[in-house]
Amino acid sequence: MPLDAETIGSSCAGTLSTAEQLCGREMARFEAALATGAPVTVSCTQQAPLFTEVASGYEAADRVAYVNIRENAGWSRDAEAAAPKIAALLAAASEPQPSAQTVTMESRGVVLVYGRDEAAIEAGRRLADHLDVTVLLTRPGEVAVPRRNDFPVLKGTIASGSGHLGAFSLRIDDYALPAPSSRHALVFGAPRAGATSTCDLILDLAGGTPLFPAHDLHSGYVRADPRDPAGLERALFTISHLVGEFEKSRFVDFHAELCAHSRSRITGCTRCLEVCPTGAIASAGDHVAIDPYICAGCGSCASVCPTGAAAYTLPPADALMRRLRTLMRAYREAGGGDGIVLFHDADHGEPLIEALARHGDGLPANVLPVQVNEPTQLGPEMVAALFAYGAAGVRVLVRAKPRHDIESLRRMVDLSETVVSALGYGAARGPVVSIIETDDPDHLGTALIGAAPGTPAPVPAAFMPVGPKRGVLQFAFRELHAAAPAPVAVVPLGVDAPFGGLDFRVEACTLCLACVGACPTHALTDSTDRPLLGFDESLCVQCGLCAATCPEDVISLKPQIDFEAWNRPRRIVKEEEPFDCVACGKAFGTRSTIERVIAKLQDRHWMFAGPAGEARIRALMMCENCRVEAAVNASFDPHAGPERNRPITTEDYLRERAEQTGEPV
């Protein structure tokens, strides 16, 4: 492939060296680079194992990064114009990425083989030399009696299950033991419901509904059709090797204090619960809980989480955004234009791109591939940052039949397309943010060749994203607006959007401030000095807790992005004059509320009528402390009615009512 070293080197930091056989006779050049102690980027992934082995001898394996410029750029019909893309890929690869956290799972090899007939018993027999086997038969027909009881064979149907590799817990109905006297077929005793069982592994050969959602992603649960010999062999091989300690990535970093799920038993945000494919997320009071042992790493929860409570860690949002910043800056400095970023994963996207490069036209010179752990991890902050950095389009490559539900990804793409098009980044034909669903490399090539670039930012942003997800998102959207070709103040959004404002019926608001206590993001605030309600639209995530909590029903959601509101301090929604305690002078409540209460009670209720009523009216004008003191000193029982020395009659009732309302008796 052609290499324009001058163009590539002009936008890459450090020293650029080219070689023809770096993994062979020129290996000494790689070792010399390691000896400098500086980070090294190698533009060859095919020989990465060899380079890693050599680097380990210099204790420098953690200083070496790899990038594939051959299949991603050089092997293309646009190879002569690929130098800016190569420069961008090299620069982005050198951007350091933090290491992921892990959790440890331990399996001692206790396996439950779940099936219907002799096939399950035979599978148990083949596993018995490696694992501690128990076979459970659900609704078995006539099953031949095993010659020897090498492992338990029981009857039962799994009603429910939970757990993960090394820690499964099952509830079993129709549970029964076989009779030792069984002759030509197994005979089971009286069944019972509600039995429980624990195991490290489950081999499901029952052929029914999977025991767990997204079962192919559930660690320790292996399922196969016993009528498929090849599939059964793969299952037996897989489960026989699941013994020992295993490290699993902690895909999501969760901060419960930021969660907007619930307040005071009122449900607010449920976005993550709706999109999790494995059931790893559950309600846990005011927030949700994410089980890292069950989480399969799709990242959908982090993508839809509006507060940043669920943040993806492979890599974190700010780290990935810094890599995108470096990618677009190097591409632009090397002379590239109309850059379209193609997000893809390793298992599906990388082989597709390689096949297109080896057997087709390769990627176009303006398509910059970026590998992520899962396409569903992408949030709107990534798209916003890319257009702010100067991208002309974003494409997301997924399988024709995705492993995860991609509805959350579709919503993210639709929202991003709405925002960038409204700000003038759109193309004359077709969307500038879209999903490519294919398993065919030729289809991928056709879709990319026909991708119309949008309008890049006239003066791209150069901001450095640092910090938690919500702050990064706010920064990215502000920069997206500042760099926009045709900025507008407000972009209306759909009902489920995670951004927006609030409409208040101010005249009906009593400033009870219940909404402030319910708001999980502090978008709604009060003041210690005066009765007021403030609102910061940039913090609002449209969880709806304020509207659901408001006793006067004066709040409604307004999904939108108001860039002017995002760039100004909080606005005062309503402010009133405080009422000062007539005893101590302390401000409490609002004047309008106290005066309204007094107006409703004065001369309309026996407690507040006459000379004694005046004292009680005065008590209403006191703060909570002075009011208690006045009631104690006056020996006033608020529950006691007027003294009477005879039974109450109808005439008494009518007379009291007339005194209170002014109506004739």
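Modeller: Two strands pair if DSSP finds at least two bridges between them. In this predicted model, strand 25 (residues 532–535) and strand 27 are joined by 4 bridges and run antiparallel.

Colleague: Which residue is the bridge partner of F535 in strand 27?

Modeller: F535 has R571 as its bridge partner in strand 27.

Colleague: And what is the order of the strands in the open sheet?

Modeller: The open sheet has 3 strands in the order 24-25-27, with antiparallel pairing. Strand 24 (524–525) and strand 27 (571–575) are at the edges with a single partner strand each, so one side of each lacks a neighbour in the sheet.

Colleague: Turning to helices, at what angle do helix 5 and helix 10 pack?

Modeller: Helix 5 (residues 83–93) packs against helix 10 (residues 317–333) at about 150°, and their axes are 8 Å apart. Angles over 145 degrees count as roughly antiparallel, and helix 5 is therefore roughly antiparallel to helix 10.

Colleague: Which residues make that contact?

Modeller: Helix 5 contributes P84, K85, A87, A88, L89, A91, A92 and A93, while helix 10 contributes R323, T326, L327, A330 and Y331. The contact of helix 5 with helix 10 comprises 10 nonpolar, 1 polar and 2 charged residues.

Colleague: How are helix 2 and helix 3 arranged?

Modeller: Helix 2 (residues 27–35) and helix 3 (residues 48–57) pack at about 50°, with axes 10 Å apart, and are therefore oblique to each other. Their crossing is right-handed.

Colleague: Which residues meet there?

Modeller: M27, F30, E31 and L34 of helix 2 meet L50, F51, V54 and A55 of helix 3. The residues of this contact are 7 nonpolar, no polar and 1 charged.

Methods: Residues numbered from 1 in each chain as written. Predicted model: local features only at pLDDT ≥ 70, side-chain atom pairs only at ≥ 80, totals over all residues. Heavy atoms only, no water. Axes fitted to C-alpha atoms, helices over the stretch in contact; angles between N-to-C directions. Helix = DSSP H or I, 4+ residues; strand = E, 2+ residues; numbered from the N terminus. Parallel < 35°, antiparallel > 145°, perpendicular 65-115°, else oblique. Left-handed = near helix turned anticlockwise from the far one by under 90°. Contact = heavy atoms within 4.5 Å. Nonpolar A, V, L, I, M, F, W, Y, C, P; charged D, E, K, R; others polar.
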